Amino acid sequence: MKVAVLGLGLMGGGMARQLLAAGFDVAVWNRSREKAEALGEAGARITETPAEAAIDAAIVVAMLADDNVSREIWTGDNGALAAMEQGAIAIESSTLTNDWVFELAREAVTHGVRFIEAPVTGSRDQAAQGMLRFLVGGEANVIEAARPAFDAMGNALVHLGPIGSAATVKLANNFLCGVQAASLAEVIALFEKHGLNVEQAMAVLFDGAPASPMVKGVGRRMLDRDYAPHFLVPLMAKDLGYAAQALADVGITSAIAQAARQRFMEADVAGEGHRDIAAIVEPLRKA
Ligand code: NAP
């Protein structure tokens, strides 16, 4: 089966490798060619445009930064949708707004393309290991038709309902993660400024009620100043903005999402934008 992957960043690169490992015939496209070349060495066919990647693919998977990039890559000049065969399946796995996902689903219909949204939980390492969890919105028969590709890239799939369901749950997931990371950064800066034994103080939190996988994983990286990217600072700012918008759309003004987003934006402005979300502690350390 021919599969195209559009976007070979921290997540898309691992997903494409897993598809290759499972024996799919994989075409790849990425804005920065060097990431595509790394996949080419692993057996993928490198293409020059999203349209060229999509032209004969049974399934096209996109893993891109945000709404604007998704719009451009699916529907812009040399976009994938117009090139796809009738009945082929478009899978949008980026973390996006409901509004854009709905619009994209409508665009897909006009091109005779079957569409599902499938954002993921898991990060860089889970993508590299084929251990992602797909949150899926769309029709069950389309999901089943795409099942072999999902099985290659992940180890769990939750069908949450029609288009828009998965975007909503994914934004809620990252809202909770972003708020925890932002408050964790404040707490670590507090402990350090108090001159506490920070390892000992953090062990209280790591062993106690706040100890979510997020708190333990990102907290450890903050303490170790290990900012090799799993999930980049500006993308979490994006997700918190999208989550605030989703809440506003139902009449809830989320001061919490906005305050957490502010921490990520401050870190981006302070030069941490190319680093892991754990780096949001740095501006607070220097404050
Ligand atoms: P990433 O490493 O920054 O990759 C982003 C991708 O988007 C790259 O392929 C990048 O191309 C492309 N891109 C950005 N701006 C572009 C533009 N103007 N035109 C064309 N392509 C553009 O990010 P990622 O971590 O893989 O995240 C991808 C998506 O998955 C995001 O929606 C993110 O929120 C979501 N996600 C991430 C994680 C995680 O833990 N990392 C987990 C779940 C979901 P270049 O290589 O040329 O920059």
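1. The largest cavity holds about 40 Å³ of space. A cavity here is a set of points on a 1 Å grid, over the protein atoms alone, where a 1.4 Å probe fits but cannot get out; the volume is the space filled by probe spheres set on the points, which are joined across faces, edges and corners. With a threshold of 30 Å³ or more, the count is one cavity.

2. A word on the basis: this is a predicted model, in which local features need pLDDT of at least 70 and side-chain atom pairs count only at pLDDT 80 or more, while totals for chains, interfaces and linings use all residues. Residues are numbered from 1 along each chain as its sequence is written, and side-chain values use heavy atoms, with hydrogens and water left out.

3. Which residues line the largest cavity? They are Glu92, Ser94, Thr95, Leu96, Val101, Glu117, Pro119, Ala167 and Lys170, lining residues being those with an atom within 4 Å of a point. Four are nonpolar, two polar and three charged (nonpolar: Ala, Val, Leu, Ile, Met, Phe, Trp, Tyr, Cys and Pro; charged: Asp, Glu, Lys and Arg; polar: the others, Gly among them).

4. The second largest pocket has a volume of about 220 Å³ (a pocket is an open set with protein on both sides within 12 Å along at least five of seven lines). Among its 14 lining residues, Asn98, Tyr242, Gln245, Ala246 and Leu247 are the closest to its centre. Helix α12 (233-249) gives the most to this lining, with six residues. Helices are DSSP runs (H or I, at least four residues), numbered from the N terminus.

5. Helix α9 (residues 165-193) and helix α13 (residues 255-272) come within 9 Å, axis to axis, and cross at roughly 60 degrees. Axes are lines fitted to C-alpha atoms over the stretch in contact, and angles run from 0 to 180 degrees between N-to-C directions. That makes α9 oblique to α13 (under 35 degrees is roughly parallel, over 145 roughly antiparallel, 65 to 115 roughly perpendicular and the rest oblique). By class, their contact (heavy atoms within 4.5 Å) has eight nonpolar, one polar and two charged residues.

6. Now for the other partner: α9 and helix α11 (residues 213-224) pack at about 40 degrees, with axes 10 Å apart. α9 is therefore oblique to α11. This contact has ten nonpolar, two polar and no charged residues.

Technical notes: Helices (H or I, at least four residues) and strands (E, at least two) are DSSP runs, numbered from the N terminus.
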